[in-house]
Amino acid sequence: MATSSSHNGRRASIASSSTAEDVEQHSEKHTSFDASDRDHDRTLQHTMVNSVEGHEGQEHEHLLEKAEDEEEQQPTQPPPPAKKSSTYTAVMWMVINTLATIGIVFTNKAIFSDPTLKLAQLTFAAFHFFITWLTLFTLSRPRLAFFVPRRTAIRDIIPLAIAMSLNVILPNLSLAFSTVTFYQVARILLTPTVAAMNFVLYKATLPRNALIALIPACAGVGMVSYYDSLPTDDVNVKTTSGLGIIFAFTGIFASSLYTVWISSYHRKLQMTSMQLLFNQAPVSAFLLLYVIPFVDTFPVWTEVPVNRWVMIMMSGVFASLINISQFFIIAKTGPVSSTVVGHLKTCTIVALGWATSGRSVADKSVIGVFVAIGGIVGYSIVMLQHKAKGGGKA
């Protein structure tokens, strides 16, 4: 969902829960974090829908590095005359992407709130993988030609397809057993987790000020985790269960590992993000078919209310809109615009989640929310300034 999303999206959802907006991605050894961060950004299209959406998941600093790389490789041409219609188109697709990301998080949360559907997570993930593949298949047709599909051997893509499945299922389980506020705030940890993995695996470093900004981001998530999971006597106040916290942190680890790993596949298979995802999605769905009968608990399908079926279809539509809007956002906006949109999605999802949680504005977890979001916004500002100056070593 293939959602995250989930941090970013530009770093998961959900596809879902995310922002996941939305999440960070790298692979080969680099001399500075900026180089690995650039590879990581190229996987946003994967994480956005697949982390709920994540959404999910963490897009605040990712969307446009790929576009910048492609521009550097093209011969210099005089800029075309400015067109208002181009600006309107970019704004329209950013609005669509924002609304679809928000919509997929809350739609999935409503679906998972149904006890008969909460334990059918693998089936739901397989559905989203199919929707993702169908969307990409449509966009690759000659009439649209957004990208040219390429094939690779299934054996080469199976490890990544398994990682992709975990990247979707664990965040979705987190959303099922958590409040929307906790789910979204926890996805902020994708940034420091990916940074840590890149340092351990590739000795990639961050600017000092960026590291400092991540300290309050992590502290804020810790505060929300504690206060949001405390039991309450008010039945109208929604809380996060212990399972929700476990799934959240294991999901963050899985999503981070997936994003660090995936950039190596870009180089190994010489594919773009869309070409790679076009190969991954159907393999992931097919592999899940072997596991679903042993893991999922199915409802009596004839007894599932019509409104739940409508929500499931809406979730698929939101996933498609997120994938489609990504193409236009990458082509027409810059890193500052995409960062602002990513933070807007995070803040909106957190605010709406808080409004529906039944908590008062005096609840102590609100402090953690502000601290976490403030830290990740500060991190994004530092990274944008660092890249504007040439992105040297920290």
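Three salt bridges are present in the structure, a salt bridge being a side-chain nitrogen of Lys or Arg within 4 Å of a carboxyl oxygen of Asp or Glu. The model is predicted: local features need pLDDT of at least 70, side-chain atom pairs count only at pLDDT 80 or more, and totals for chains, interfaces and linings use all residues. Residues are numbered from 1 along each chain as its sequence is written, and side-chain values use heavy atoms, with hydrogens and water left out.

Select Asp114 and Arg308. Their side chains form a salt bridge with an N to O distance of 3.1 Å. Asp114 sits in the loop between α4 (84–112) and α5 (115–118), while Arg308 belongs to helix α13 (residues 306–332), so this pair ties together parts that are 194 residues apart in sequence. Helices here are DSSP runs (H or I, at least four residues), numbered from the N terminus. Both Asp114 and Arg308 are buried, that is, under 20% relative accessible area (1.4 Å probe, protein chains only).

Next, select Arg359 and Asp228, whose side chains meet in a salt bridge at 3.3 Å, N to O. Arg359 lies in the loop between α14 (335–355) and α15 (365–388), and Asp228 in helix α10 (residues 208–228), so the pair ties together parts that are 131 residues apart in sequence. Arg359 counts as buried because its relative accessibility is 13%; Asp228 counts as buried at 2%.

Finally, display Asp228, Arg359 and Asp363 together: a network of salt bridges links them.

Definitions and conventions: Helix = DSSP H or I, 4+ residues; strand = E, 2+ residues; numbered from the N terminus. Buried < 20%, exposed > 50% of the residue type's maximum accessible area, 1.4 Å probe, protein only.
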